[in-house]
Amino acid sequence: ETAVVTGATGGIGSKMAHELAFRGYDVIIAARNAELGQKLVLDIQRQLENSNSTTEGATPKPTISFMEYYADRHLSALDLASNLTVLNESSPVTCLINNAGIMGKSEQLSMRVNLLGPVTLTLALLPMLMKNCNEESSVVKIINVSSSAHLRATGVFDQENLSSSSK
């Protein structure tokens, strides 16, 4: 089975990619920074090679790879989905972790990355995920990672207009 982790080149995403690999998932690191993505691929592969968790005759070590993905570009989600459809033939995608996110940038960019990006990617992958769930008798997981950063946001919504529109 394959897990796709967006924004996995640092922080929680990187930790999730490591953990999924050690649990036997093939892992696709989907991120915008190819240099960091390839570095993470090599790091996880090295750790898997050095681990004592697999012995001769055990299940094969998972495949770790990088695919370019820009959460703020809807065509990037479609490209990623297309590439994953090809890969899906040999290792079904059963886990999508929408982890890519930004904070402190423009409101428009934040909305594209934090909201529209995960929605677009999920919708692009949904037919394949549903097929995998039905054909493989697998449980498909879609996980959306978020933060409490919205609690520090000011001026994003006009509270007065929100209150008056609900009357």
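Partly exposed means a relative accessible area between the cut-offs for buried, under 20%, and exposed, over 50%. At 24% relative accessibility, D72 is therefore partly exposed. The model described here is predicted.

- Strands of a sheet pair through backbone hydrogen bonds, either parallel or antiparallel.
- Strand β1 (residues 2–6) runs parallel to β4 (residues 93–98), and four bridges join them. A3 has C95 in β4 as its bridge partner.

**Helices on the sheet**

- I97 is found in strand β4. With a relative accessible area of 3%, I97 is buried.
- Its contacts beyond four places in sequence include V4, V5, T6, M16 and I143.
- G13 is 84 residues from I97 along the chain, yet their C-alpha atoms are separated by 8.4 Å.

**Where α1 meets α2**
- Two packed helices are described by the angle between their axes and the distance between the axes.
- The axes of α1 (residues 11–22) and α2 come within 10 Å and cross at roughly 35°. The crossing is right-handed.
- S14, A17, H18, A21 and F22 in α1 meet L40, D43, I44, Q47 and L48 in α2.
- The residues of this contact divide into six nonpolar, three polar and one charged.

**Salt bridges**
- R23 pairs with E19, their closest N and O atoms being 2.7 Å apart. R23 is exposed at 63% relative accessible area, while E19 is partly exposed at 42%.
- D43 and R46 meet at 2.6 Å, N to O. They are three residues apart in helix α2, so about one helical turn separates them. D43 is buried at 19%, whereas R46 is partly exposed at 47%.
- R112 and D72 meet at 3.9 Å, N to O. R112 lies in helix α4 and D72 in the loop between β3 and α3 (74–88), so the pair ties together parts 40 residues apart in sequence. R112 is partly exposed, at 29%.

Conventions:
Residues are numbered from 1 along each chain as its sequence is written. This is a predicted model: local features need pLDDT of at least 70, side-chain atom pairs count only at pLDDT 80 or more; totals for chains, interfaces and linings use all residues. Side-chain values use heavy atoms; hydrogens and water are left out. Two strands pair if DSSP finds at least two bridges between them. Helices (H or I, at least four residues) and strands (E, at least two) are DSSP runs, numbered from the N terminus. Buried means under 20% relative accessible area, exposed over 50%, partly exposed in between (1.4 Å probe, protein chains only). Contact means heavy atoms within 4.5 Å. Axes are lines fitted to C-alpha atoms, for helices over the stretch in contact, and angles run from 0 to 180 degrees between N-to-C directions. A crossing is left-handed if the near helix is turned anticlockwise from the far one by less than a right angle, and right-handed if clockwise. Ala, Val, Leu, Ile, Met, Phe, Trp, Tyr, Cys and Pro count as nonpolar, Asp, Glu, Lys and Arg as charged, and the others, Gly among them, as polar. A salt bridge is a side-chain nitrogen of Lys or Arg within 4 Å of a carboxyl oxygen of Asp or Glu.
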